[in-house]
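Have a look at it with me before reading on.

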Number of protein chains: 2
Amino acid sequence: MAQHFHVLHQDAGCRARTGLLRTPHGDIPTPIFMPVGTAATVKAMRPENLVEAGARIILANTYHLYLRPGHRLVEQMGGLHRFMAWDRPILTDSGGFQVFSLAELRTITEEGVSFRSHIDGSRHLLTPELSIAIQQALGADVIMCFDECPPAEAERSYVERSLALTTRWAARSKAALSRRDQLLFGIVQGGRFPELRRRSLEELREIGFDGYALGGLSVGEEKAVMHEVMDACSDLLPTDHPRYIMGIGTPEDLVEAVWHGYDMFDCVMPTRNARNGMLFSSQGRINIKRKEYEADQGPIDPACGCYVCRTYSRAYLRHLFRSGEILASMLNTHHNIAWYLNLMERIRAAIASNSFAAFRQSFYHQQTRTSERSKEE
Amino acid sequence: MAQHFHVLHQDAGCRARTGLLRTPHGDIPTPIFMPVGTAATVKAMRPENLVEAGARIILANTYHLYLRPGHRLVEQMGGLHRFMAWDRPILTDSGGFQVFSLAELRTITEEGVSFRSHIDGSRHLLTPELSIAIQQALGADVIMCFDECPPAEAERSYVERSLALTTRWAARSKAALSRRDQLLFGIVQGGRFPELRRRSLEELREIGFDGYALGGLSVGEEKAVMHEVMDACSDLLPTDHPRYIMGIGTPEDLVEAVWHGYDMFDCVMPTRNARNGMLFSSQGRINIKRKEYEADQGPIDPACGCYVCRTYSRAYLRHLFRSGEILASMLNTHHNIAWYLNLMERIRAAIASNSFAAFRQSFYHQQTRTSERSKEE
C-alpha cells in the first residue's frame, strides 16, 4: 500500500470511496475538487477567501508559470506556495495539455514539443525533463508527467502512436525527478478508445507512479465516451493509489466520476462561469444578469451557507454584474467555488454512510430539472 | 455648538484640528479620508476588506446609483447600507459634480439640470428636490446639497451667477429634507475667486447646514489657486461644524487641507491609481509594472503594516499586474486605501501632539524627493 494515500471507506453499494492524500503541505480528504489557479492566483480570490470557501488544494499551470513569470523566478522567491501566499497543497499539471490547447506552431518530436508562446510569440521546447524541472522549481506537492494530449477526434492509429510516446515521456519524467518530497502522477491517454486507455494504464503501472490520472477527457467528446473511458480504467487502477481525472467538470461529471471510483478533479468551470455571471445553485443554474433577479432579496442558493449567500442578495449581485464591477467576479467566484467544495463534502458524507448510489440518483433527478430550466434561458 | 460634531483638539501651532463626527452608523474621527464607492462598491474591495484597511466611512455617488440600479430599488432592498452589506457610515454626494463631468447634453435652468445618461442615453432632470429624495432613499448618513459646479476656467461673471443659483438650490435642498437622521452639508462654490467663495459661504451659513464643503476644487486649477481658496474660506467657516473638501486629493493635498483646518476628504486617486498599478509608499510612488521590481522580495512599502505589505512581495504584485489578474486590482486597491487611511491616522496623531506643522514640513520634504523620483520614471 502506498504510504501517501489511504482509502478510508469503500462505499458498500458502488465503486465510490473516501480517502486521505498525504502531502508536504497537509492531508487532503478525497474525493476532492481542486480550484484552478492558473497564473499563481485563483482568479479574483485572496488565499484566505479560498480557505473560507473550503479549498484544501489548488491547481496551478506549469505552462503559464514557465512563460510568466518564469519558474526560476518563482523558485528564487521561495517557491510557488510562498510566492502566492498559499500554504495548503498545490498540484501542478505538466504543461502538456496547455501546450496543445494554447500554444501556437506546435511540433511534436520524440524529444518533446516545440511551440510559440501565446503571450509573446517566443519559441520554446518543452520536454519531459524540462516539465519536471519546472515543477520541481515551483515546488508543488503533486506534480504530473509530461504527456501528449491528442484531439478528441484523432484517429485510432494516431492515438496509438501518441500513447506510446506518452508512456516513453512518463518514464523520462520519472527518471528526471530528483526531489523526494513531491508526489508524481502518471497520465493515462488513449483518447476515446477503451482498449488503448487500458494499454496506456498498464504501461504506466509498469513504470509505477504515486497516483494515476486520466488525461484528454472533456476535450469535446460525447458524455457517453467519457463515461466509457472512466469505466474502462476503473478496474485496472490500483485501489491503493489516488485516481485523478483531469479537467472535469460539471457537477454531474464529478458525481459520475466519483461513482466510477475516482478521487480528484479540477476544472475552470466554477471560476470561469462565475466571471460570466453563471452561478451554481441547488435550485438550478442561475444567470445573475437576468431581469427576474432585479429586486430579488434572496441569496444565490437558499441551501448554501457560504459567505456570499449569507451576505448578499441576488439583486445586489445582478447590479454588480451589470455595472461591470470587479466585486461581481470576486463574489461570484467565491460562491461557485464554495458550492463545488460543498458538493464534494456532501459526496464524501454520502460515501461514508454507504449511500452514494442514492445520493447520485437524487442528484441526477435534481440536475435534470436544472438542465430543463437552463434550456429555457 | 453642533451636537453632531466636536472639535477634540486644536493644534497649538496651526489651524489643523482633530474632531469627532457623530452619525447614525457610528462616530468618525477627523481628519478623515473617505474611499469612493461609486456604484455601491468600493471597486475590488469586499466590505470587510475595507474595515481591515481601516475605512471608517465611504462615499457613494448619487448620480450613478440613481441611474443604476435606481434609488427606489436600493430603498426597496433596505437602503444602501444593507444593499452593499456595509454597516459603517456612508456619505453620498448630490449628483451635481457627476452631472457636470459625466452626463451628456446638459441644460441648466433655475429648476435643475436636464441631461442624458452616460449609460443608456435616457433623458433626466435632476433638481435639488430629486437629489435629496434620492439621497433619502439611499439612506446615507451624510448627504449633500445639489450644486452647480462650473469648469475651472469659467469667467467671473458666470461663476457669480452660478454661485447664486447654487445658493438658491441649497435653500431648496434644505427645504426638501424630511428625514431627521441624516446630516445635510452645504457646498461652497465660487470657482477660483476667493471673494466669490467667501460670498457663497456667507450665504450658505445664512441658511445653516450641518457641515460645509468646498466643491469645484481639483477640477484642473493650479495648486496655488486651490490653496488660496482653502485659505480664503478657512476663517469664515464655523469652527464647530465639519469642513469637507470634495474630490481631493493627492497625499500632499490632504496634508495641505488639514493644515488649513479642513476635516473630511474623498478622492478616487488611491483606488483608480491602484488599478493602474500606481502604488503609494513612504519611499515614493511605485509603478509596480516596472522591470526593477521583477525579483523584488520586499513589500510595497517597508513602513506599511497593511495586509498586502505583510503578505506579498513586489515581485508577486508585478506578476499579477502584468498578467492582468483581478487579484492585482484587489491587492493594489487594498494597499492604497490602507496607506491613505494610515496617513490620516498619523495626521490625527500629529495634531493631537501639537506637532502637525512639523509633520507637514517633513512630509513635504519626503514628497519632494518622491516627485523627483517620479519624474525619472
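Is Arg168(A) buried, partly exposed or exposed? I looked it up: at 39% relative accessibility, Arg168(A) counts as partly exposed. My cut-offs here are under 20% relative accessible area for buried, over 50% for exposed and partly exposed in between, with a 1.4 Å probe and protein chains only.

**Ground rules**

I am working with a predicted model, where local features need pLDDT of at least 70 and side-chain atom pairs count only at pLDDT 80 or more, while totals for chains, interfaces and linings use all residues. Residues are numbered from 1 along each chain as its sequence is written, chains are lettered from A and ligands numbered from 1 in the order in which they are written, and side-chain values use heavy atoms, with hydrogens and water left out.

**Salt bridges within chain A**

I stayed with Arg168(A) and found its salt bridge to Glu110(A), with the closest N and O atoms 2.7 Å apart. This pair links distant parts of the chain: Arg168(A) sits in helix 7 of chain A and Glu110(A) in the loop between strand 7 (104–108) and strand 8 (113–116), 58 residues apart. For the record, a salt bridge is a side-chain nitrogen of Lys or Arg within 4 Å of a carboxyl oxygen of Asp or Glu, and helices (H or I, at least four residues) and strands (E, at least two) are DSSP runs numbered from the N terminus. Glu110(A) is partly exposed too, at 41% relative accessible area.

Next I checked Arg72(A), which forms a salt bridge with Glu75(A), the closest N and O atoms being 2.7 Å apart. Both residues lie in helix 3 of chain A, 3 residues apart, about one turn of the helix. Arg72(A) has a relative accessible area of 47% and is partly exposed; Glu75(A), at 38%, is partly exposed as well.

Glu294(A) and Lys291(A) also form a salt bridge, with 2.9 Å between the closest N and O atoms. Here Glu294(A) is partly exposed at 28%, whereas Lys291(A) is exposed at 56%. I also noted a network of salt bridges linking Arg15(A), Asp231(A) and Asp235(A). Over all chains, the count comes to 38 salt bridges.

**A buried glutamine**

I then moved to Gln182(A), in the loop between helix 7 (156–176) and strand 11 (183–188) of chain A. Gln182(A) counts as buried because its relative accessible area is 3%. What do the polar atoms of its side chain meet? One lies 2.8 Å from the backbone oxygen of Ala140(A), and the backbone oxygen of Gln135(A) lies 3.1 Å from a polar atom of the Gln182(A) side chain. Beyond four places in sequence, Gln182(A) touches (heavy atoms within 4.5 Å) a set of residues including Gly139(A), Ile143(A), Leu177(A) and Asp210(A).

**Between the domains of chain A**

I turned to domain 1 (9–220 + 232–244) and domain 2 (274–376) of chain A, whose bounds come from an automatic or database domain assignment. Their centres, taken over C-alpha atoms, are 28 Å apart. I found 24 residues of domain 1 in contact with 21 residues of domain 2. The area buried between them is about 1,700 Å², with 72% from carbon and sulfur atoms; buried area is the accessible area (1.4 Å probe) that two parts lose on being put together, summed over both. On the domain 1 side, Pro31(A), Phe33(A) and Ala53(A) lose the most area to domain 2, together 27% of what that side buries. The salt-bridge count between these domains is 0.

**Between chains A and B**

How many residues of chain A are in contact with chain B? I get 43, against 43 residues of chain B. The area buried between the two chains is about 3,500 Å², of which carbon and sulfur atoms give 57%. Arg46(A), Arg68(A) and His319(A) supply 19% of the area that chain A buries there, more than any other three residues. I count 4 salt bridges across this interface. Arg46(A) also forms a salt bridge with Glu52(B), the closest N and O atoms being 3.1 Å apart.

Note on methods. Polar contact = N/O pair within 3.5 Å; in protein donor to acceptor, adjacent residues only side chain to side chain.
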